[in-house]
Amino acid sequence: MNPVIASTDAVWMLVDVQTRLCAVMPDSHMATVVKNIQRLIQAAQLLNIPLWVTEQYPEKLGDTLPELQMMLPEYTPRYGKLAFSAWHETALQESSVSVAPQVVLFGLEAHICVLQTALDALAAGKQVFIVEDAVISRSEANRLNALARLRDAGCIITNTESMLFEPLQGATHPQFKAISALIR
């Protein structure tokens, strides 16, 4: 598979960025992760890339952060889950995720839900991208360990700006100026 993300082939997944989980993340890193996730949400909308949102046990861990929820279009699928891997959710398996050859993951926690979802997506034959500066764990050591494991397993570790610009393929893309504005 081509290691470049193609907007027509990808599904992006916001994994478990919920109020109670975010409250226990390191504040200095969480602010950067939220800002990058906001950019990714905006880019998905500008580029018409399907975006899926998961919430781990929302009754106990809360809803997706309000500042992210307000950015999501009404039609954005949101799935509550009990399994750490979103891949175990039947609704996701019956969705566009199941036919998309590329899956892009960002959210938390890197070493639990992001990791397990990514490994299951790889096992299902997907090309998996992890947005390194848009994933977090309570411990930086756990985040770094997860990224190393994911890289070793075959995931492509990337960053927010790469994810914003790769689908464009160049400055002549109709959304180039709008995407460029996201990083200013």
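Mentor: What follows is a look at the sheet, then its helices, then the pocket. Keep in mind that the model is predicted.

Start with the strand order. Six strands make an open sheet, S3-S2-S1-S4-S5-S6. The pairing is parallel. Strands S3 (78–81) and S6 (156–158) are the edges, and each of them pairs on one side only. Neighbouring strands are turned by 25° against each other on average, direction ignored.

Now go to the pair S1 and S4. Strand S1 covers residues 10–15 and strand S4 covers residues 102–108. They run parallel, joined by six bridges. Within this pair, Leu 14 stands opposite Phe 106 of S4.

Next, the helices. Helix H6, residues 110–123, lies across S1, S2, S3, S4 and S5. Its direction is at about 170° to strand S5 (127–136). Helix H7, residues 140–153, lies across S5 and S6. H7 runs at about 165° to S5.

Helix H2 (27–46) and strand S2 (51–56) are the elements that give two or more residues to its lining. Ala 44, Gln 45, Asn 48, Ile 49, Pro 50, Leu 51 and Trp 52 are among the lining residues. The lining also includes Pro 73, Tyr 75, Thr 76 and Pro 77. By class, the lining has eight nonpolar residues, three polar and no charged.

Technical notes:
Residues numbered from 1 in each chain as written. Predicted model: local features only at pLDDT ≥ 70, side-chain atom pairs only at ≥ 80, totals over all residues. Heavy atoms only, no water. 1 Å grid on protein atoms, 1.4 Å probe; cavity = no way out; pocket = protein on both sides within 12 Å on 5 of 7 lines; lining within 4 Å. Helix = DSSP H or I, 4+ residues; strand = E, 2+ residues; numbered from the N terminus. Nonpolar A, V, L, I, M, F, W, Y, C, P; charged D, E, K, R; others polar. Pairing = 2+ DSSP bridges. Axes fitted to C-alpha atoms, helices over the stretch in contact; angles between N-to-C directions. Contact = heavy atoms within 4.5 Å.
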